[in-house]
Amino acid sequence: MAADKFEVLKRYFGYSSFRNGQEELVDALLAGQDVLGIMPTGAGKSLCYQIPAIMMKGIALVISPLISLMKDQVNALVQQGVSAAYLNRSLTEAQYNKALANAANGKYKIIYVAPERLESSSFLRFALNAEISMIAVDEAHCVSQWGQDFRPSYLNIDSFISKLNLHPVIGAFTATATEEVKDDIIRLLNLNDPLKVTTGFDRPNLFFSVLRPQNNSSKLLELIKERNGQSGIIYCSTRKKVEEVCDLLNRNRISATRYHAGLKDDERVRNQDDFVYDRRDVMVATNAFGMGIDKSDVRFVIHYNMPKNIESYYQEAGRAGRDGVDADCILLYAKADVNTCKYFIENIEDNEDLSQEQKDFFRQREEERLKQMVFYCTMSDCLRGFMLRYFGDKHKDYCGKCSNCLTEFETVDVTVEAQKILSCIIRTGQNYGVKMITDVLRGVSTDKITRARLDRQSTFGIMKNVKAAEIKYLIEKLEEQEYIISVGAEKPILRVTEMSYPVLRGNSSVKICKARKLRSIVSKSERHHVDPELFDALKVVRTYFAKKKGVPAFVIFSDATLADMCRIMPTTEAEFLSVSGVGANKLEKYGEAFLNVIRKYKPDKNGTAPFAMDADRLNYFAYSDKPISVSEITFRINDLNKDQNCKKLKATDITEWLLENEFLKAATINGKNYKLPTPKGKELGMTSETRINDDGNWYKIVLYNRAAQGFIIDNINRIICGRIE
Ligand code: ADP
Ligand code: MG
C-alpha cells in the first residue's frame, strides 16, 4: 500500500482525524474483512469505503440506490482529485459506453452503479474482466423488506458478486437498522463474519424544537425570515399542503421550490437541482423528498405537519446539518395532524396478502408509534433524550440543546376548568367535537346549538370569559393526559374516560405543565462562532467556483470548512492546509482565491500599532438587549474599528481588567477553572450560565446584560491602558 490512511484522509478529504467508528471500518476493509456500518446520517459513512477504495489495488464498486446521490458523490470525489464515475440511466448510451470503456481501461478507482445495472450484460462483461477488489453497498437497508425503502434489485447483489472471478471484500452501510433489518442485510448480502460497528444515534449539532403556534403559516414565515438566505426543507403531510405552503412562501418573496410524487419526473428533477445548487433556498416537500439528497449545508428542517412516527421524524429532520455545523429541526405541532395520521392508519391500503390478524397487528403497531410521536410533541422533557432512548441509546435527561431544555415550565392547577369542560362533554351527550364544546362553554348561540337546544344546558356559557384558543388548548391537554379521548378520525367527537369521574367528584386534581418562557436562546452569531462578514465573503468565492464547475456549492467547500477558515484566518498555503476540509487538491485549485479574501480581510495581521479606539466610535456600539458573552462584546468593539490598521482588542483584555477590579473572581469547579461574577459584578448585570458542549460536558459562561455592556464601553479606555505595557 502506497499511502497510509491518515495521509489519504488529509490529502483527498482534508481532514486530520477520523470520526467515531470510521477508523475501525476502514481498517477492517483494508484487511479484507466484510463490514456492516450503522451510523446516523451525516456521521461520515462515505469515507469508510472511499478511503479503502483509494488505497486498494483495482476498482471499487459502490452500489447506491439513487441517481442524484451518485452524481453528487462523484462530483465531490472528482473535486477532491479521485478518479471516479457513475453508471446509471441518466447517461446517454454513448456516454455510458464511453464510461464503461474507460472503466475497462482502468481509468477509475471508484465506480458508482445503480443496482439494476448489475444485471445488464454489458456491465457484467466488464465486471468479469476487471479487478474488482471491493463492493460497497450504500443505503444497505434497501435490501430488506422490513424497511420503508425496499428495492427489489438489491436482492440481486449477492448473485452478481458470486459470478465474479475474485471474491471482493464487501462493506454494507446504513443509517437505519432495527434487528430485523440488520439480520436481513447480513443474510441477503451474504456478509462473511462482518465487523459490525454501530455508533450512537445522537447528532449533537442539531437543535430540536417543538412549537405549538396558533397560526402555522405566520409562524413559518417568521422562522424562515429569521433564517434568511439559508438552505432549508419544509416537510408537509400532503401534496396539497406542499402546493399551498410553496405558494405562500413565494408570495412572500422567499425563494422556494416544491417536490412531491404528483409532479412530472422532469419537474421533480429540476426542482431538486434548484435546491441542491442553491438556486432556491427552501424546498417544500412531502416525505417523497430526501433519500438521495446529500446536500450537506441544509441549515434547517421544519415540519409543517407532524409526521406519523419518530422513525420518520428523525430521518427527515436528520437531513439538516450533515456538515456538522449547527442546524435547526423544528416541528410545528397542531392537534389536527394527529387526526390526519389516525385517518391514514385507519385507512391503510387493503393489502390482499395480509390476513385480518396481520392487518390488526400492523394497525396497532402504527397507532402505538403515533402515540409516541404525539408524546414527543406534547411532553416537557428533553426532546433529544426522548428520541435517543426510543432508538435504544442511553442519554441523560438534559441536553441543553432542545426547546424543552431551554424552556422554563410551570405546573398549573386547572381542576376547576377541567370540571367545567368534562361536565359539558357529558351533559351534551358525548356527541360533539372540540368546536361545539368550545362554543357551548363560551355561550355562543349558533344555529346548530339552538337547534340541538344546547343553549339550555347548565354548562352553556360557563366559560364565557375564556378565549376559544385557551379552551381548545385545555381540551388538548386533557386529551394528552387521557381524561378525554377523541373518537373517529374524520369528524372526531370527544368522550370522557374513567379517569374523569374522580375529577368531577372533586377527588382528584388536574395539573398541566405550561411553558413560561424560554430560558435562553442560542443566537445565530453565537452559533457559528465566526465573523459573519468574512463568512459571507468566502461564500461569494465559493458560489463563483460552484457555478464555474457546475457543482453544488458544498462540493467546493462545506459550511463547516468555511467556518473553520474564519476561525483560523490562514494567510499562507501551509496555514490554509490546516483548515478542516482542505486537502492538497483543493489547496491547489482554490487556495489562492480564498487566501486573497482572507488576507484582505485581515489588515491587522502585520499591523503593529496597539489597539486604540476613538471615543466617538463607541457611540455606535451595537448594544444587545439580550445578555451576551465577552467574546461577543469584543467582536462588536473590533467591528467598530475594522478599518483601523491596529491590533484587535482581545476578550482576555476585558476579563483581566474585570478580575483586577473584582467584578470577576476565579473559581474551580470539578477541577476546571472558571471566572465567575462577584456580588459586585452581579450588581452590575453580569450573570453566569451553565451550558453543555458537544461532548456532553458542562461549562460555565459569563453573560453581560445591557447595563454591564454599557459599563465596559464606558471604561474601555481604562481597560486598554491597563493592558498596555
Ligand atoms: P453519511 O453518508 O453517513 O450520511 P457523509 O459520508 O455524507 O455522511 O458525510 C457527511 C459529512 O461529514 C460530509 O460533509 C463529510 O465530508 C464530513 N466528514 C466525514 N468524515 C469526516 C471527518 N473524519 N472529519 C470531518 N468531517 C467529516
Ligand atoms: Mg451517505
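Helix α19 (residues 468-480) comprises 13 residues and spans 18 Å from its first C-alpha to its last, close to the 18 Å expected at 1.5 Å a residue; the expected span is 1.5 Å times one less than the number of residues. Helices (H or I, at least four residues) and strands (E, at least two) are DSSP runs, numbered from the N terminus. This is a predicted model, in which local features need pLDDT of at least 70, side-chain atom pairs count only at pLDDT 80 or more, and totals for chains, interfaces and linings use all residues. Residues are numbered from 1 along each chain as its sequence is written, and side-chain values use heavy atoms, with hydrogens and water left out.

**Exercise 1.** Determine which residues of α9 are buried and how they are arranged.

*Solution.* Step 1: buried means under 20% relative accessible area, exposed over 50%, partly exposed in between (1.4 Å probe, protein chains only). Step 2: in α9 (residues 216-226), Asn-216, Leu-220, Leu-221, Leu-223 and Ile-224 are buried. Step 3: these buried residues fall within an arc of 165° seen down the axis of α9, so they line one face of the helix. The arc is that of the directions from the helix axis to the C-beta atoms.

**Exercise 2.** Identify the buried and exposed residues of α10.

*Solution.* Step 1: Val-242, Val-245, Cys-246, Leu-248 and Leu-249 are the buried residues of α10. Step 2: they cover an arc of only 160° around the axis, which puts them on the same side of α10. Step 3: Lys-240 and Arg-251, on the other side of α10, are exposed.

Definitions and conventions. Chains are lettered from A and ligands numbered from 1 in the order in which they are written.
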